[in-house]
Amino acid sequence: MAEFSQKRGKRHDDDVLGSAVDFLLANARLVLGVGAAAVLGIATLAVKRLIDRATSPRDEDDTKGDTMCLEDSWKELSLLKSTPCLQSRSPPVALSQPVPLPVPSLSAPEGPASADTQPSPPLNSPAPLCLTFQEKLLLFEHNHVTVPVAHMALAKQLAGDIALELQAYLQNKFPELPFGALVPGGPLYDDLQVGAPYHVRLLTPLMLEPGLWSLLPGADTVARDPRCWAVHRTQLEFRPRGSSPWDRFLVGGYLSSRVLLGLLRKALAGSVNWPAIGGLLGCLIQPSVTSEELLLEVQHECLELTVTVLLAVSGADGGAVTDAISGANAERHLLLAWPLEGLAGNLWLQDLYPAEAARLRSLDNRDVGTRRRLLRLLCRVCQGHPALRRLGQGHLTQVVLRLGEQEEDWTEDALGERFLQALELLIGSLEHACLPCHLNPAVNLFTGLRAEEIDDMGYALYLGLQSPEGLL
């Protein structure tokens, strides 16, 4: 009886040790590969048998086969010298996942120990998440479109400080020219900012004398450009030339935007002490010398800011620029001195951005909609695509405005559907090479694009409509 108990205890220890060795070998195969794991298994089994023979009590059965087992063990050890070392494979991807214990062989002896040992169920790796396009679009918005609130506040503070410094400079440099208060604005102030760098429009209004100036549509001038307006000097018989400080910028009886741009560009590039102003504000300010626009590039330790200085005229009397900026007075035209080419070089470009931004804000406030979010998403997608970079915020605003007044459901759940509808509208406009301005249908915003650029953008949008995830 005692001998039977001893054999059962021995068998139990062997099973436990065998399970542990099998567990080690299973993990070794993952790390070392099949060939190296086989070598390690042979060595481990041979050493285990030698240790068992040396430590277990000798009985008659063991005595009979002792010599044979020792010889077999040494033969197994000798295989280590002749077994070629196989190159270990690279470990699998999921090495951190636990490896289940191997299931005991059916030929193993049954007993109490084998009954207590239950094989652990295999652990399946988690299935990859299958996100819908709506969910991917919201994730793209969170990662690439959303602007930190702290950065927005800092950019607005820098823009306001630069406006005050530039206004003080203009008053000292040109005391005879009545400039109005400089007004910062743009996407950063209208909840339309898309990522970085931050963009600010710094409007510099010209205070024109009432009764001495009138506006003439560009379509009625020799330029025949519906985007522009001419600022005509009137009452010359009663107020001769020279009675207004702005008469020095007249070309053919019209206030020349080109001459004023040249004056201000020369002043910003050569007369303003930007290093001193930047040191005072804690940033680096440099005027851009490569752009035809009046740009100031601001570098702060936390962000980058681009300030566009825009000479502006509002209405025939030059007053109430703030009303035109905020969109409070849609009838008042906001005109900008813009680097135009050809016969329109001396004309003033009508700025529809304030009215468009005010319209989007009004529509969103009416139904707590997502029109401005859709515009930001479209802008970010086009900025990151090589073929779609020519589609600026002005083009995309027309699409969102048209959709915003046609569709009724502008909840967040419908954002993905509205995004696809915007792509369809853009493709249709590119097919006809015509994108009319929403507030001025006589203006085609695709006029300045070449046929090759239109084809490339249409093809990219068509592929994006087939697989919209590729645009994100």
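## Reading side-chain contacts in a predicted model

Q: How should I read the accessibility of Leu463: buried, partly exposed or exposed?
A: Leu463 has 41% relative accessibility, so it counts as partly exposed.

Q: Now the rings. What describes an aromatic pair?
A: The general idea is to take the distance of the ring centres and the angle of the planes. In this structure the count comes to 3 aromatic pairs. Take Phe133 and Phe419: their ring centres are 5.8 Å apart and the planes are at 50°, so this pair is tilted.

Q: What about Trp246 and Phe249: how are their rings arranged?
A: Their centres are 6.1 Å apart and their planes are at 40°, so Trp246 and Phe249 also make a tilted pair. Trp246 counts as buried at 0% relative accessibility, and Phe249 counts as buried at 3%. Ring pairs tie Trp246 and Phe249 into a cluster with Phe179.

Q: Which charged side chains sit over a ring here?
A: Arg233 is one of them, lying over the face of Trp213 at 5.7 Å from the ring centre. Arg418 is another: its charged end sits over the ring of Trp410, 5.7 Å from the centre.

Q: On to salt bridges. What is the general idea, and how many are there?
A: Side chains of opposite charge can pair when their charged atoms come close. The structure has 16 salt bridges. In one of them, the side chains of Asp367 and Arg371 meet at 2.8 Å, N to O. Asp367 counts as partly exposed at 30% relative accessibility, while Arg371 counts as buried at 1%. Salt bridges also link Asp367 and Arg371 into a network with Asp364 and Arg372.

Q: Which residues form salt bridges with Glu453?
A: Arg390 meets Glu453 at 2.6 Å, N to O. That pair links distant parts of the chain: Arg390 is in the loop between helix H12 (371-383) and helix H13 (393-406), whereas Glu453 is in helix H15, 63 residues apart. Arg450 also forms a salt bridge with Glu453, and here the closest N and O atoms are 3.3 Å apart.

Q: Last one: how many disulfides does a search of the whole structure find?
A: It finds 0 disulfides. For Cys379, the nearest cysteine sulfur belongs to Cys382 and is 7.0 Å away; a disulfide would need the sulfur atoms within 2.5 Å. Cys379 counts as buried at 5% relative accessibility, while Cys434 is partly exposed, with a relative accessible area of 35%.

Methods
Residues are numbered from 1 along each chain as its sequence is written. This is a predicted model: local features need pLDDT of at least 70, side-chain atom pairs count only at pLDDT 80 or more; totals for chains, interfaces and linings use all residues. Side-chain values use heavy atoms; hydrogens and water are left out. Rings of Phe, Tyr and Trp (its six-membered ring) pair if their centres lie within 6.5 Å; planes under 30 degrees apart count as stacked, over 60 as edge-to-face and the rest as tilted. Buried means under 20% relative accessible area, exposed over 50%, partly exposed in between (1.4 Å probe, protein chains only). A charge sits over a ring if NZ of Lys or CZ of Arg is within 6 Å of the ring centre and within 35 degrees of the ring normal. A salt bridge is a side-chain nitrogen of Lys or Arg within 4 Å of a carboxyl oxygen of Asp or Glu. Helices (H or I, at least four residues) and strands (E, at least two) are DSSP runs, numbered from the N terminus.
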